[in-house]
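Please look through the sequence and the structure shown below before turning to the notes.

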Amino acid sequence: MSSVANRALPRRPLWWTVSDAAAVTKRNLYRYIRVPTLLLFSTIQPVMFVLLFTYVFGGAIQVPGVDSYIDYLMAGILAQTVIFGSTQTGVGLAEDLSRGMVDRFRSLPMARSAVLAGRTVSDTVRNLFVVSLMLVVGTLVGFRFHAGVVPALGAVGLALAFGLAFSWISALIGLSVGDVESAQAAGFVWVFPLVFASSAFVPVESMPGWLQVFVKANPVTITVNALRALTLGGPTARPVLQSLAWIVGILLVFVPLAVNRYRRAAG
Amino acid sequence: MSEAAIVTEGLRRSFGPIKAVDGVDLAAPAGTVLGVLGPNGAGKTTIVRILTTLLTPDGGSARVAGFDVVRDAAALREVIGLAGQYAAVDENLTGRENLDLVGRLYHLGKAEARRRAEEMLERFDLTDAANRTVKTYSGGMRRRLDLGASLIGRPKVLFLDEPTSGLDPRSRFSLWDLIRELVVDGTTLLLTTQYLEEADRLADHIAVIDGGRVIAEGTTDELKSRVGGDLLAVRVADRARVTEAAEAIAGLGSGAPQVVAEAGEVSLPVSEGAAILAEVVRRLDAAGVEISDLSLHRPTLDDVFLALTGRVAEAADDDGPDTPRGRAARPARSRA
């Protein structure tokens, strides 16, 4: 018996890492089918933002060189929506942790990354749904893609990738705080300054100089600028590459941190 | 089978200053049931979490099914099953989907995972509820589903952490029957419980844990024999006179009388109970101590725990190292 146990084990197929994550993704998505109100409410908020910003601030905010505020706004709302959506990753994981699901998963011979990958991927799928609906509503109130179909698809893809990167930050937070209410609160506080102190809703030039320093370095600004180039037209290569660099950077740092935290969850 | 299915040597684990597990040696031969018995906070859950690779020990060693719990953790997970204190099933999935998910994560393959799920639904009497979301399940059904999930991968060693806590007596009895059937299949089982009757009914071998240490072990009979014969329990009408009563009947039994002051009770181990009964009544009458209840019974594990620790099991701390960091509040809630 012990000689068998000490034998070097065959390498686990890489395929398992993918299929485990897919199984968890499917499980997470069932939740939206079984509790449709969840999806409804996560959709209402961004749609409301589109309408509020367009009709409340739209008249007051004049952006030089842009005809209608909704065209300017949409890139910002896209970024805001995926970031706010990503905060749910931590909440979902905290819930799994507090209900003993993480213990069950960790006692199974599944890939160590699968629970987190499944969660971040399912949240990205949900983001795709919300973003699509938001674009429909945006279009109804006057938004148009001005740069063509491929850049438009690129904008959606970039926004989702940005949300995915933030989901991994959120995952680390959710696993660290461990309970649902704290995850809810801790997940939101730090994204507010990032989203609002950015180029998402107003031109950076309208802000005080000291704030501009932060705003210009803010990855949200960089990504919003890229999304704006992809939706309104203009040079895209530089802002898109900068944004992609941030996305890759965030993933390189936070994927290992979150997986490591998961390995010793509740330890 | 040269090695026991579960072996731990000097196992230790602390949470900050609390020594949750403080040098535990356990052994369970393959195909047997080891009952780990102790009050809340004794360290039972910590032991289970170490043996199922959820926690790493600070010291000592543990092998399960021949695998070291630290070095061979990944391989070990393929041959164990775990059902924790709270039914770890997804409320938004149906019973069938829950089992299917676990089967997929054991890498059984699509068809086999589905087949195993059906088998478990059948076995745990959940076929009728298979397509309902778990949200609609009763506590007993959730536990049965959880138990089914822990068996999907045909584990060699199964860990059940307080499998019946929080269940009503009827669900508890039916779960006991199901657990007994598992062992017939040759699965080795480690079961933690604070229900002394549960360990008595299910376990071949019992380790009594208190304060992170094994304070006694043996078969049920061996443990009972440490109390010695039958037990004569006397409850006095006036609690304040319980010590007086103990003094009056000291020397009559096969051991010293044990006083449970809170209950106003004295229990006396006796070898030939019926014969002594009359003498006990005479002595108490002579001492002028009024008796409110008198009974003679075979010792339960409650009595064993009392004899071992000098206190009743339930009187132990309600919270402790069994509930690390924020888990105490973990609810088995349905929906907020």
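## Briefing on a predicted model

B:Thr53 counts as buried, because 22 C-beta neighbours lie inside 10 Å of this residue and the cut-off for a buried residue is 20 or more. B:Thr53 is found in the loop between α1 (44–51) and β4 of chain B. The model is predicted, a point to be kept in mind throughout.

**Chain A as a whole**

- Chain A contains 12 helices and 0 strands.
- Read from the N terminus, the order of elements is α-α-α-α-α-α-α-α-α-α-α-α.
- The radius of gyration of chain A is 20 Å, close to the 18 Å given by the globule rule for 267 residues, so chain A is as compact as a globular protein of that length.
- Along the principal axes, the C-alpha atoms of chain A fill a box of roughly 75 × 40 × 35 Å.
- Of the 267 residues in chain A, 44% are buried.
- Among contacts in chain A with a separation of 6 or more, 81% are between residues 24 or more positions apart.

**A covered helix in chain A**

- Helix α11 of chain A covers residues 219–232 and so has 14 residues; the distance from its first C-alpha to its last is 19 Å, close to the 20 Å expected at 1.5 Å a residue.
- How many residues of α11(A) are buried? The count is 14 of its 14 residues, and the helix is described as mostly covered.

**Chain B as a whole**

- The secondary structure of chain B consists of 11 helices and 14 strands.
- The domain assignment divides chain B into domain 1 (6–221) and domain 2 (228–298).
- The C-alpha centres of domain 1 of chain B and domain 2 of chain B are 40 Å apart.
- The box filled by the C-alpha atoms of chain B, taken along the principal axes, is roughly 75 × 45 × 40 Å.
- Chain B has 336 residues, of which 50% count as buried.
- For contacts in chain B with a separation of 6 or more, residues 24 or more positions apart account for 69%.

**Strands and their partners in chain B**

- Strands of a sheet pair through backbone hydrogen bonds, and the pairing is either parallel or antiparallel.
- In chain B, 4 strands form an open sheet in the order β2-β1-β4-β5, with antiparallel pairing.
- Strands β2 (18–28) and β5 (67–68) of chain B stand at the edges of this sheet; each has a single partner strand, so one side of each is left without a neighbour in the sheet.
- Within the sheet, 5 bridges join strand β1 (residues 6–15) of chain B to strand β4 (residues 59–64) of chain B, and these two strands run antiparallel.
- The residue opposite B:Arg12 is B:Gly59 in β4(B).
- In which direction do β6(B) and strand β7 (residues 157–161) of chain B run, parallel or antiparallel? They run parallel and are joined by 4 bridges.
- B:Ile80 has B:Val157 in β7(B) as its bridge partner.
- Strand β6 (residues 80–83) of chain B is covered on both faces: B:Ile80 and B:Leu82 lie on one side, B:Gly81 and B:Ala83 lie on the other, and all are buried.

**Individual loop residues**

- B:Asp125 is placed in the loop between α4 (110–123) and α5 (139–151) of chain B, and with 13 other C-beta atoms within 10 Å it is partly exposed.
- A:Pro208 lies in the loop between α9 (191–196) and α10 (209–217) of chain A.
- A:Pro208 is exposed, with 8 other C-beta atoms within 10 Å.

**Nonpolar cores**

- The largest nonpolar core has 145 residues, and those with the most contacts inside it are A:Leu78, A:Ala79, A:Leu227, B:Ile6, B:Leu51 and B:Val64.
- Helix α4 (residues 69–98) of chain A supplies the largest share of this core, 16 residues.
- Leaving aside residues up to four places away in sequence, A:Leu78 touches A:Val131, A:Ala155, A:Ala159 and A:Leu227.
- A second, separate core of 16 residues includes B:Val234, B:Ala245, B:Val270 and B:Leu284.

Conventions: Residues are numbered from 1 along each chain as its sequence is written. Chains are lettered from A and ligands numbered from 1 in the order in which they are written. This is a predicted model: local features need pLDDT of at least 70, side-chain atom pairs count only at pLDDT 80 or more; totals for chains, interfaces and linings use all residues. Domain bounds come from an automatic or database domain assignment. Two strands pair if DSSP finds at least two bridges between them. A residue is buried if 20 or more other C-beta atoms lie within 10 Å of its own, exposed if 12 or fewer, and partly exposed in between; C-beta atoms are placed from the backbone. Two residues are in contact if their C-beta atoms, placed from the backbone, lie within 7 Å. The radius of gyration is taken over C-alpha atoms; the globule rule is 2.2 Å times the number of residues to the power 0.38. A nonpolar core is a set of buried Ala, Val, Leu, Ile, Met, Phe, Trp, Tyr and Cys residues joined through C-beta atoms within 7 Å.
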